[in-house]
Amino acid sequence: MIKFTPENGMRDYIDDELDQFGFSYDDSLTTIENLKAVFALQRRIPNNNKRIVIELPGIEVPKETEMAYESIKRKITLGLSITPHLSLSTSKHIYKDLLLNSWNIHHLHLSEEPFKNGYFKRTGPVLFCMFFDNVVIFIDIFPHGKGYSDVWVNDELIKKLHRYIPETIERYRVNGVRGNQLNSEQRLALRNNHCNYAMQMEDGTVYQLMGIMSNGDNFHDIHRLMHIQRMIDYFTKVIEVDEKAIKDSLGIKDSDDLKLTIAIHENEIKLYVKEQQTIINLNTP
């Protein structure tokens, strides 16, 4: 008999990932909810990869923030942590950053003065940027805080990406769809109600920025969860029809019991024998 317990593998992955962020498993949440929190943290807190910094034209750095701005560039280039510059919301286990969830754009505070909980002092002007595995795009610096609530829906961020480096948002480009011409108040209302919309550029290009779900979650996090569930369903079926072949491949007698779970690495999901620390490679659908 084969006993398949994918939740055990998910729990191992969740515990390992949460530990890196200084959190622990929340027993008040389901396994899936904890896993979704992990995916959100992985986006909210960029890892310390060494990255190339690309600065888009037109960025005006306030004089009082110049040193912090240059320090952030140096840290990113060297692969050092920029977490102290992030929003204080990153100190929460669960938080829905609507700008990040919608447009995949971070904001960094331009200070190196200690504040609290390991973060630097909050600043009025903040740097908006987009992180990739080996590159960070510095888009622009805008004031935020009281009187600037619409900065989180400032379409100039998307327009600059389209103007200078459109490949960063190419996957959102659509044809045959008319984009919306909305003012900042309308964009903010849609964002606050977790609504996506099509945005039209000056040259007529339209982007359907499908980043946010109706509950404020990120679309790509939910897609990852769906992928994992799909693979679990597939492994369950394979185990049902190929139990003997699986045991034979591991040198286990047909009469012996076998425990299987899953191993998760980034977007790869594998069938895993924990006791033997062995991956079972199957042809995936």
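Me: Is aspartate 217 buried or exposed?
Reply: The relative accessible area of aspartate 217 is 7%. Buried means under 20% relative accessible area, exposed over 50% and partly exposed in between, with a 1.4 Å probe and protein chains only. Aspartate 217 is therefore buried.

Me: At what pLDDT do side-chain atom pairs count?
Reply: Residues are numbered from 1 along each chain as its sequence is written, and side-chain values use heavy atoms, with hydrogens and water left out. This is a predicted model, in which totals for chains, interfaces and linings use all residues, local features need pLDDT of at least 70, and side-chain atom pairs count only at pLDDT 80 or more.

Me: In which loop is aspartate 217 found?
Reply: Helices (H or I, at least four residues) and strands (E, at least two) are DSSP runs, numbered from the N terminus. By this numbering, aspartate 217 belongs to the loop between strand 10 (206–208) and helix 7 (219–241).

Me: Which residues are joined to aspartate 217 by side-chain polar contacts?
Reply: A polar contact is a pair of N or O atoms within 3.5 Å; within protein, one must be able to donate a hydrogen and the other to accept it, and residues adjacent in sequence count only if both atoms are side-chain atoms. Another, of 2.8 Å, is made with asparagine 215.

**Helix packing**

Me: How are helix 2 and helix 7 oriented to each other?
Reply: Two packed helices are described by the angle between their axes and the distance between the axes. Helix 2 (residues 31–44) and helix 7 pack with axes 10 Å apart and at about 135°, the axes being lines fitted to C-alpha atoms over the stretch in contact and the angles running from 0 to 180 degrees between N-to-C directions. Angles under 35 degrees count as roughly parallel, over 145 as roughly antiparallel, 65 to 115 as roughly perpendicular and the rest as oblique. Helix 2 and helix 7 are therefore oblique.

Me: How many charged residues does the contact of helix 2 with helix 7 have?
Reply: Contact means heavy atoms within 4.5 Å, and the residues that meet include Lys36 and Arg43 in helix 2 and Asp221 and Arg224 in helix 7. By class, this contact has 7 nonpolar residues and 1 polar residue, and its charged residues number 4. Here Ala, Val, Leu, Ile, Met, Phe, Trp, Tyr, Cys and Pro count as nonpolar, the others, Gly among them, as polar, and the charged class is Asp, Glu, Lys and Arg. The charged count is 4.

Me: How many nonpolar residues does the contact of helix 1 with helix 2 have?
Reply: The axes of helix 1 (residues 6–20) and helix 2 come within 10 Å and cross at roughly 35°. Among the residues that meet are Met10 and Tyr13 in helix 1 and Val38 and Phe39 in helix 2. Besides 3 polar residues and 1 charged residue, the nonpolar count is 9.
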